[in-house]
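Here are my notes for your first pass through this model. Keep the structure open as you read.

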2 protein chains.
Amino acid sequence: MSTTLLNSRDLEFLLYELLDTEALLNRPRYQDHSREVFNATLDTAKTISERYFANHNAKGDANEPHFDGKDIHIIPETKIAWDALAEAGFLSAHYDADEDGLQLPEIVLRASMAYFNAGNIASSGYPFLSIGAANLIHSFGSAEQKALFLPPMREGRFAGTMALTEPNQGSALADITTTAKPCADGSYLISGQKMYISGGDQNITENIVHMVLARIDGAPMGTKGISLFICPKFLVNPDGSLGERNDVALAGLLHKMGYRNTTSTVLNFGENGGAKAFLVGEPHKGLQYMFQMMNEARIGVGLGAAVLGYQGYIYSLNYAKERPQGRLPSNKDPKSAQINIIEHADVRRMLLAQKSYAEGALALCLYATSLYEDSRTADTENQRQQAFLLLDLITPIVKSWPSKYGLKANELAIQVLGGAGYIREYPVEQYYRDNRLNPIHEGTEAIHGIDILCRKVLLNNSAGLILFNEAVSATLSDASTYQDLKDLIQPVADGVQTLNTVTTTLLGNMAEHTDLSLANATIYLDLFGRVLMSWIWLKQAVCAARGLENTSVHEADKNFYMGKLQATRFYIQWELPEIGPQADLLCRFDDVPFKMQADWF
Amino acid sequence: MSTTLLNSRDLEFLLYELLDTEALLNRPRYQDHSREVFNATLDTAKTISERYFANHNAKGDANEPHFDGKDIHIIPETKIAWDALAEAGFLSAHYDADEDGLQLPEIVLRASMAYFNAGNIASSGYPFLSIGAANLIHSFGSAEQKALFLPPMREGRFAGTMALTEPNQGSALADITTTAKPCADGSYLISGQKMYISGGDQNITENIVHMVLARIDGAPMGTKGISLFICPKFLVNPDGSLGERNDVALAGLLHKMGYRNTTSTVLNFGENGGAKAFLVGEPHKGLQYMFQMMNEARIGVGLGAAVLGYQGYIYSLNYAKERPQGRLPSNKDPKSAQINIIEHADVRRMLLAQKSYAEGALALCLYATSLYEDSRTADTENQRQQAFLLLDLITPIVKSWPSKYGLKANELAIQVLGGAGYIREYPVEQYYRDNRLNPIHEGTEAIHGIDILCRKVLLNNSAGLILFNEAVSATLSDASTYQDLKDLIQPVADGVQTLNTVTTTLLGNMAEHTDLSLANATIYLDLFGRVLMSWIWLKQAVCAARGLENTSVHEADKNFYMGKLQATRFYIQWELPEIGPQADLLCRFDDVPFKMQADWF
């Protein structure tokens with residue numbers, strides 16, 4: 001059984017029915033494009049992914065990168081995939097035409113990236129990080145830095161990384177200790193060790209541009225003393241040619257459970273005096289800059305998690321349609337033919353849950369990307385500002401919800417296959433192992449819980465939350481015109497009300513009892529996610545109901561829309577109600593974990 | 001950081017405070033034993049496991065068994081572990097003294113097995129299956145079969161397997177097609193293919209005794225035409241010496257995500273005319289006999305899942321106590337020292353959830369074992385019967401709940417470690433991969449959901465459910481005498497009431513709408529599990545409260561009991577309330593998955 005990459009009908013639905021991507025063509029930046037260009041871009045991504053990424057997904061897992069103490073070895077298919085992606089222009093497609101880009105909208109790139117993720121999440125890790133690193137230089141680098149580093153990064157000769165984590169701090173960025181010593185020529189010498197750096201070394205590109213967080217000598221402690229540096233593996237001469245090897249050494253590789261073909265490295269900076277590096281922007285503003293890359297990466301991680309969930313869903317769905325086993329409980333005749341397992345109610349439950357998680361997560365990530373696009377190219381300053389505020393509010397969920405439920409989907413895909421799901425002869429166990437990374441990197445679930453409750457819902461007098469309420473109201477109003485959706489309106493309306501009540505209750509106590517109010521922030525994150533996702537599903541249901549109004553709708557489309565309606569119903573009737581106990585727990589400021597003592601464990 | 005096997009204080013609590021194992025000494029079968037003998041047995045198991053099982057847990061994972069087409073290769077530590085376990089008498093310790101056993105109670109054996117599982121779940125798979133196979137022959141075999149096969153199985157010269165599954169049926173045992181052709185000498189010739197047979201081949205023992213389900217030529221279709229056979233890898237001469245190689249061939253190994261050092265095999269029976277086999281008991285009663293082994297195995301699978309959850313809990317707990325990172329949200333001073341992550345509320349939540357799952361699951365499995373013991377050796381026929389009925393009712397939960405929540409515990413252990421949790425340099429990711437098998441084998445979650453709702457709650461006029469209600473009432477009464485437990489009584493009482501209401505509602509519709517009534521049986525299983533586990537936790541809390549009454553209680557014991565109370569509180573306040581939405585869903589006969597159409601996906 002070969003693996004289909006995503007579902008092109010669903011992607012079309014998300015881009016053109018849910019999100020109205022075609023309306024972007026009215027914006028000056030995209031006026032020379034067309035829906036055909038968007039679709040041709042997606043087709044190219046799909047073809048490249050099928051041919052050059054999916055081909056070595058299992059092979060890269062079974063033959064992970066290794067380091068012999070001198071050289072790093074990665075299966076050669078990885079470089080071929082990288083080159084194909086770069087050559088097709090995907091590393092620079094979102095840049096303006098006068099920057100040698102294709103001036104394509106962000107959402108077309110994200111959807112393309114979804115295809116690469118679907119083919120091979122690990123091999124697509126390299127371009128994912130490189131695009132983020134280049135964007136960071138593009139936003140905050142000097143003219144010289146841009147001129148020197150961006151062309152080779154866009155062409156795929158250089159790759160990029162984000163070098164934040166150190167052995168003694170993971171989530172606590174405030175405590176990084178890597179230092180940067182100023183040199184007479186304006187450059188810096190970096191010393192310190194970074195860990196879990198994805199793509200921190202490889203044999204794919206001729207150079208690697210590390211975006212490194214470090215403290216300039218004498219900088220204040222905490223987050224306000226962190227600066228951002230460009231620190232290349234090989235120095236680059238003014239004419240763009242490679243200079244000498246910089247003082248950055250691969251100390252070793254880490255051996256992950258999944259996601260194996262992306263190297264995870266320990267890097268030593270400055271073992272021989274210091275790694276030459278170049279300050280990006282102003283001193284001590286590094287974390288602020290890095291947040292651009294992190295926010296981008298957070299949508300990217302959410303998308304990757306969604307797509308892994310999606311691939312497991314597709315595989316288990318096809319398996320369930322073809323695998324005969326057992327009979328309905330009401331059929332006691334052992335001589336009757338077995339039915340395909342998709343006829344069993346519990347298998348349908350597992351498939352429907354996967355559908356609601358995977359398609360829902362993909363919809364969420366593309367919706368977030370549309371907000372990102374709007375924050376940059378919407379017609380009015382007010383629209384841009386609103387999109388920014390709403391995206392800023394939901395980014396913790398865009399990262400965390402797909403990570404949690406994409407993994408859950410993969411767990412269910414294994415269960416649908418049964419014993420076959422547990423063996424490496426089938427692909428679903430790899431999706432599960434790959435996806436387990438996503439609730440960890442780019443901020444653990446707990447970090448995002450604290451971020452949304454302690455910062456995001458408060459910012460700008462809760463402007464984001466107000467916008468979210470307005471957006472849901474608009475959808476409820478749309479839904480009310482469809483008879484099929486009538487019973488779904490009240491639960492979503494109640495859900496938002498619950499979210500508002502819980503938020504007010506928690507915030508009301510925050511100043512006085514900060515630690516207790518934040519103790520259950522992870523539960524708050526999940527509650528908010530459930531409410532947000534019931535809305536994302538209701539929005540899809542409205543589009544499906546609209547599609548079904550068309551009396552000449554094709555049979556395949558009719559089935560597709562019916563599936564969207566049933567998945568919405570599943571999400572709202574099966575998943576949303578869990579906010580009941582969650583809200584109780586939050587509103588009573590439950591202190592059971594909070595008061596648990598270390599000695600009692 | 002070395003890995004501690006289980007927690008001996010907790011095991012002592014479970015055996016002697018929760019379950020009163022010492023009372024077994026009053027039964028004639030155990031009158032020559034003592035608590036010291038029980039403890040010495042456990043100490044031996046712990047020592048053997050530390051020395052011979054835990055030593056190659058990671059190695060067996062990294063160097064899984066392989067088959068070169070002729071020979072099978074398994075790391076040699078596996079045989080050394082097997083021999084050590086056999087030599088210490090653990091393969092026969094539960095047999096009567098006049099059968100060369102140690103006449104030890106089942107619970108001492110299970111607790112010993114928990115130590116072997118904790119050291120190495122995969123290597124302990126071989127004895128686990130062998131003991132079950134021998135028990136089957138012991139219960140249903142002829143005197144000759146017993147004489148021929150049991151001595152070498154008890155001594156560890158022969159191992160055993162259960163050969164049920166075939167490529168075209170996993171859960172649907174009714175459809176097995178392996179055939180058995182009667183021979184003139186009273187033996188049979190078996191032909192067919194079996195798949196996912198654990199330990200189906202290995203180089204550890206000189207012979208392997210397969211317990212095979214097959215259909216005698218002309219047998220009826222369905223479960224009522226299945227017979228049970230002994231089919232050894234090598235035939236055994238009447239004097240016990242090995243005869244010729246039987247017609248059972250290893251077709252290949254399957255490559256699992258975890259649990260790797262247990263071989264998972266495809267076996268071809270009868271490629272050259274038929275594999276010689278010996279009927280156990282009467283024809284067509286094979287499934288009925290096999291249920292003994294399956295029910296034993298179900299407790300064993302639950303125990304293994306519990307123990308894997310336990311090991312991840314212990315490791316992540318120790319890690320959290322030693323790993324400094326970050327500060328409390330209320331502390332904004334970057335110059336202050338970092339705290340150990342156990343001080344973070346969300347880490348405590350993750351540890352407390354693991355504790356409630358892992359310790360709860362271990363308590364459940366040992367409780368189930370005590371029921372098994374009572375069903376055989378309790379003083380009166382009535383007591384034996386009641387124990388049997390209650391065990392029969394809860395066996396689906398004893399298998400499924402630890403499998404589901406032990407895995408969930410391992411997921412949380414990874415999350416506590418963060419990036420370190422995801423790499424093979426730390427042990428928790430292996431526990432997670434190992435444990436993912438448990439919701440699949442010995443009956444998937446769905447199978448057990450249907451089993452409990454469609455059969456177990458109905459049997460003997462719901463005698464099991466009535467006994468369960470009585471048992472809970474007794475605990476509620478005990479709990480009411482402790483001030484500390486006052487607020488926990490009503491939620492558990494309400495939980496049982498909810499379970500009863502849901503059960504009555506579903507059963508009331510079963511005859512008329514069988515398929516719909518069973519459609520959400522997996523949710524019913526989880527709801528029942530939550531109610532049962534809140535009771536298991538309340539029972540533990542009563543024992544802890546009793547322990548705390550002792551005014552001269554040691555500080556370490558006081559902390560231990562406080563931990564039990566807090567974990568009970570966590571389970572009842574955080575986990576039990578989810579039965580609310582579950583009961584709503586079940587009682588409205590939710591039909592969203594049931595009505596989902598294959599074409600709509």
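1. Does Asp175(B) count as buried or exposed, and at what relative accessibility? Asp175(B) counts as buried, because its relative accessibility is 16%. Buried means under 20% relative accessible area, exposed means over 50%, and partly exposed is in between (1.4 Å probe, protein chains only).

2. Some ground rules. This is a predicted model, where local features need pLDDT of at least 70, side-chain atom pairs count only at pLDDT 80 or more, and totals for chains, interfaces and linings use all residues. Residues are numbered from 1 along each chain as its sequence is written, chains are lettered from A and ligands numbered from 1 in the order in which they are written, and side-chain values use heavy atoms, with hydrogens and water left out.

3. Back to Asp175(B). Look for it in the loop between β3 (158–163) and β4 (179–182) of chain B. Helices (H or I, at least four residues) and strands (E, at least two) are DSSP runs, numbered from the N terminus. Residues up to four places away in sequence aside, Asp175(B) touches Gly326(A), Arg327(A), Pro334(A), Gln338(A), Gln169(B) and Arg215(B). Contact means heavy atoms within 4.5 Å. The side chains of Asp175(B) and Gln338(A) also make a polar contact, at 3.4 Å. Such a contact is a pair of N or O atoms within 3.5 Å; within protein, one must be able to donate a hydrogen and the other to accept it, and residues adjacent in sequence count only if both atoms are side-chain atoms.

4. Now the two chains. The same surface serves both copies: 100% of the contact residues of chain A recur in chain B.

5. Aromatic rings next. Rings of Phe, Tyr and Trp (its six-membered ring) pair if their centres lie within 6.5 Å; planes under 30 degrees apart count as stacked, over 60 as edge-to-face and the rest as tilted. By this rule there are 37 aromatic pairs over all chains. Take Tyr310(A) and Tyr313(A): their ring centres are 6.4 Å apart and their planes stand at 75°, so the pair is edge-to-face. These two tyrosines are about one helical turn apart, because they are 3 residues apart in helix α8 (residues 286–322) of chain A. Both Tyr310(A) and Tyr313(A) are buried. Elsewhere, ring pairs link Tyr367(A), Phe468(A), Tyr524(A), Phe528(A) and Trp535(A) into a cluster.

6. Check Ala387(A), in helix α10 (residues 381–417) of chain A. It counts as buried because its relative accessibility is 6%. Leu371(A) is 16 residues from Ala387(A) in sequence, and their C-alpha atoms are 5.1 Å apart. Neighbours within four places aside, Ala387(A) is in contact with Leu371(A), Asp374(A) and Ser375(A).

7. Finally, Thr505(A), in helix α14 (residues 486–510) of chain A. At 26% relative accessibility, Thr505(A) counts as partly exposed. Neighbours within four places aside, Thr505(A) is in contact with Cys587(A) and Phe589(A).
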